[in-house]
Amino acid sequence: MTSGRMELVCPAGTPATLRAAVQAGADAVYCGFRDETNARNFPGLNFSGEELAEGVRFAHDHGSKVLVAINTFARVNDVDLWKKAADTAAECGANAIIAADIAVLDHVAKNHKQVRLHLSVQAAAATPEAIGFYATSFGIRRVVLPRVLSIQEIAALNRAIEVETEAFVFGGLCVMIEGRCYLSSYATGKSPNLNGVCSPPEMVSYDDEPNSTAARLSGFTIDRYEPGEPVGYPTLCKGKFKAGGKTSYLFEDPVSLNAGGMIAGLKAAGVTALKIEGRQRGKGYVTEVVRAFRKAVDAVEQGGDAIEIDRILAGQSEGSRQTAGAYSKKWR
Amino acid sequence: MSAIALTLGPVFFHWSPDRLLDFYRRIADEAPIDRVHVGEVICGKRMPFSDSAWPEIIERLERAGKEVVLSTLAAPATVRERRSIADLCTDERLVEINDVTALPSRSGKPFVTGPFLNVYNEASARFLIQRGATTICPPVELSLAAVGAMAGACPEAEFEIFVFGRLPLALSGRCYHARIHGLHKDSCQFTCERDPDGLAVDTLDDQQFLTINGVQTLSNQVQAFCPAPADLTSRGVRRIRLSPHTCDMVEVAKTYRALADGREDPKAARFILSCLDLPGTLVDGYAHGKPGWQAAPSI
């Protein structure tokens, strides 16, 4: 859909990381309110109305946009809380609201026509028909693509739709289709759709056992580590399980997404914006990752080759394993 | 006559055409079920195997007086999958929508929203009802109280709650049956057909936990929510959904019919279910607003 310069959309979990991301070169930052209306409802994160207003002023003064995620599904009989979050975002001058729930999209479309609507990845809209439905019904201007599509499929999709697309390029990786995963509530009672949390920290335990440490979520063993082995967070879909006589990381290895090498491909596929995951990350991390991706995107825009991009993004792995996820067909 | 109607949801697993024909023949002849969902909802790659069986199954069920609902794919991707949804949406029978992809082709005609469609509140429900939703079966993680609150706010539609079967918990772009067999989805060899109730996934400490079924993840435990009829009717919930497994589904249906009619009490119904050859232990946590794997203390 686009032939312009790709937009770099960066995480802002706190006012401090918002400023850091803007100063590191983010074209847009995304953030949420300090409640269950957004999908990163973690203690110590997110914004009050005043902080958002201040953040929007700062971002706009520096030529960046602010996108506000109100992307959980409104609780029955409490829809007003989600509507009020949208009203506050609009009053603060947010450039766009990122939403997934029909109730929220409908409210914004009817009451805040000046605010762009972006369809959250939590809405899992992956076909021209689904995206067309949201465009016709609510006037969405952009869809954040579900992490199930290959680059070829994204290119075909962009030819068939009339709204912009935004694709994740770096950070945490959901293996399941986001917005359609209840694994967390099955184990813990809390889920991304209901509460804006996945595998919540208060349900995590690290139990020292003879010759190993077990990482458990709500009592379910998600992984086990030898003495001296680095201990990971027990995210459900990155656990080690037994099935069919095999013990393996059945759903996904403990990897994170790095599609840095695919920026040029995503541009050629017609993607408008590249998204970095990580609203739970601190200022230092955000600064470093945004700075590197800023350089990489600029290099791609100037026709830089793959070797140059790789060199710019080397060192963005934190020593952990990475994958290009569904962008590469073999991932499936 | 009955205040509470019984639905048999779509088969989630890769059953052979013969197994499907046998299964629905028995449902048609023996199961006290009002409405039966047919069709593949999990994986479009399986559709060529079962496509030829559906006309006979539908004919048989309708001849037996069942209302047939055509269920559609939950995560369509290919052109062929999208076309199949659009085609099914033109049918005069009721259609179950499991992905927003189907909405434009079905708007204005009656449809059921299945548990894969995110309907979490009365405002979303109302929006869909205005476009033709007549029955709403919300996501399984919602409690009976939440479903009841939606039903109370939207009396113009029928609300349905998932009471029996392994719980559909997640979908992925990745096929886990292929992955565990060292294959990719695009050349999967249909290994999912070996596991007609899904393949059990246990923790490293042998705790029963999940089940994989191709791109789908379900609970290992079996939802067996057995409410007293008044718990449903007082909240305006008028339909319950049973999800097919290889166990004796006629007996499951008879048990829920007796429960809904007040001929069996919840405790007795649960006991009867526990005597069947179920693929996992009984749970009902979600219905009570608790983690899905939990079971209410013996009623």
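Two residues are in contact here if their C-beta atoms, placed from the backbone, lie within 7 Å. This is a predicted model, where local features need pLDDT of at least 70 and side-chain atom pairs count only at pLDDT 80 or more, while totals for chains, interfaces and linings use all residues. Residues are numbered from 1 along each chain as its sequence is written, and chains are lettered from A and ligands numbered from 1 in the order in which they are written.

**View 1. Where chain B meets chain A.** Chain B brings 52 residues to the contact, and chain A brings 52 residues too. On the chain B side, the elements giving two or more residues include α6 (122-130), α7 (144-153), β7 (158-172) and β10 (216-224) of chain B. Helices (H or I, at least four residues) and strands (E, at least two) are DSSP runs, numbered from the N terminus. That side of chain B has 30 nonpolar, twelve polar and ten charged residues. For these classes, Ala, Val, Leu, Ile, Met, Phe, Trp, Tyr, Cys and Pro count as nonpolar, Asp, Glu, Lys and Arg as charged, and the others, Gly among them, as polar.

**View 2. Strands pairing across the two chains.** Here strand β8 (residues 176-181) of chain A pairs with β7(B) in the antiparallel sense, over two bridges. Strands pair if DSSP finds at least two bridges between them. Look for M176(A), which stands opposite S172(B) in β7(B).

**View 3. Parallel strands in chain B.** Strand β3 (residues 67-71) of chain B runs parallel to strand β4 (residues 94-97) of chain B, and three bridges pair them. V69(B) sits opposite L94(B) in β4(B). To get from β3(B) to β4(B), the chain passes through helix α4 (residues 79-89) of chain B, making a right-handed β-α-β crossover. Right-handed means that, with the strands pointing away from the viewer, the path from the first strand over the helix to the second runs clockwise. Next, β4(B) is joined in parallel by three bridges to strand β5 (residues 111-113) of chain B, with V95(B) opposite F111(B) in β5(B).

**View 4. The two domains of chain A.** Domain 1 covers 7-173 + 255-331 and domain 2 covers 183-248 in chain A; the bounds come from an automatic or database domain assignment. Their C-alpha centres lie 27 Å apart. Eight residues from domain 1 of chain A and five residues from domain 2 of chain A make up the contact.
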